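Here is a short briefing to read alongside the coordinates.

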Amino acid sequence: MPELPEVETTRRGIAPHVVGRRVREAVLRRADLRWPIAREIADELPGQEITAARRRAKYLLLDAETGSAIVHLGMSGSLRVLPGDTPPRAHDHADIHLDDGRLLRLHDPRRFGALLWQPSGTLHPLLAHLGPEPLSDGFDGAWLARAAAGRSAPVKHMLMDQRVVVGVGNIYAAEALFRAGIHPGRAAGRIAAARWERLAGAVKDILGQAITRGGTTLRDFLAPDGAPGYFVQELMVYGRAGQPCRACGATLRAADWGQRATVYCPRCQR
Ligand SMILES: [Zn+2]
């Protein structure tokens, strides 16, 4: 599943090819993905210039004068910039043709992605209640400490709550908690201030590294075939239950606190 680093890498990959271009036509090969595809993509966007390619959480926004096209990659989506006459393959659901003869193509085999519209001056409901971006200055230990006050739920739940911070999925939550030495099942309201600072720092480091590594795959956005390779990072705990901790050698444990299973080191994480 594309996580925040993959979405940010996608944004960086397509931005130089779409920003400043005028949309000639949008070809939609189906009426819906996860939700109905916004009609404005085909009816309103053509003729307008794309003035920016932004990211908010895991949503990509292509800004035009009267609104923004919102793209979500879902479980299996990807975007490519291709020559305008490239024949569509299976699961190529939407093409945005640009005035330089190329097109931006959305490919999504599982169709959990989305193609929506946000009129200028409004905020789409999906974007309305999101917490801070993890790599922004607004996300730090003090913010986490305030968000945690009085919470008895496990800290891992809180870290994956999009109102607390956006874009920290299961993999990155498990890895950040390991790096910060915090047990994923610990009650959020019972974590000391200094540990929140470490956790915020760990989230920023891990996501930042993944984005940096993604930079090496940017050329793929102009390739006609293949999916962008997701970043192979050395994972310390995610997917490693029963294996030895890379830091201390203890056997990593799996646990489930009513949400998705998580893996942690019983010795390194308290
Ligand atoms: Zn350990």
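What share of the contacts in the chain with a separation of 6 or more comes from residues 24 or more positions apart? The share is 65%. Please keep in mind that this is a predicted model.

**The chain as a whole**
- The chain holds six helices and 10 strands.
- Its radius of gyration is 20 Å, close to the 18 Å that the globule rule gives for 270 residues, so the chain is as compact as a globular protein of that length.

**Surface and interior**
- Of the 270 residues, 50% count as buried.

**The zinc site**
- Four SG atoms coordinate the zinc ion, from Cys245, Cys248, Cys265 and Cys268, at 2.2 to 2.4 Å.
- The arrangement is tetrahedral because the four donor atoms subtend angles of 100 to 114 degrees around the zinc ion.
- Along the chain, the donors follow the spacing C-x2-C-x16-C-x2-C.
- Cys248 and Cys265, 17 residues apart, link distant parts of the chain: Cys248 lies in the loop between helix H6 (193–214) and strand E9 (253–255), and Cys265 in the segment after strand E10 (262–264).

- Cys248 counts as partly exposed because its relative accessibility is 28%.
- Cys265 has a relative accessible area of 0%, so this residue is buried.

Key
Residues are numbered from 1 along each chain as its sequence is written. This is a predicted model: local features need pLDDT of at least 70, side-chain atom pairs count only at pLDDT 80 or more; totals for chains, interfaces and linings use all residues. Side-chain values use heavy atoms; hydrogens and water are left out. Donors are N, O and S atoms within 2.8 Å of the metal (3.2 Å for Na, K and Ca); water is not among the atoms, so sites may look incomplete. Four donors count as tetrahedral if all angles lie between 85 and 135 degrees; four count as square planar and six as octahedral if opposite donors are over 155 degrees apart and all others between 65 and 115; anything else is irregular. Helices (H or I, at least four residues) and strands (E, at least two) are DSSP runs, numbered from the N terminus. Buried means under 20% relative accessible area, exposed over 50%, partly exposed in between (1.4 Å probe, protein chains only). The radius of gyration is taken over C-alpha atoms; the globule rule is 2.2 Å times the number of residues to the power 0.38. Contact means heavy atoms within 4.5 Å.
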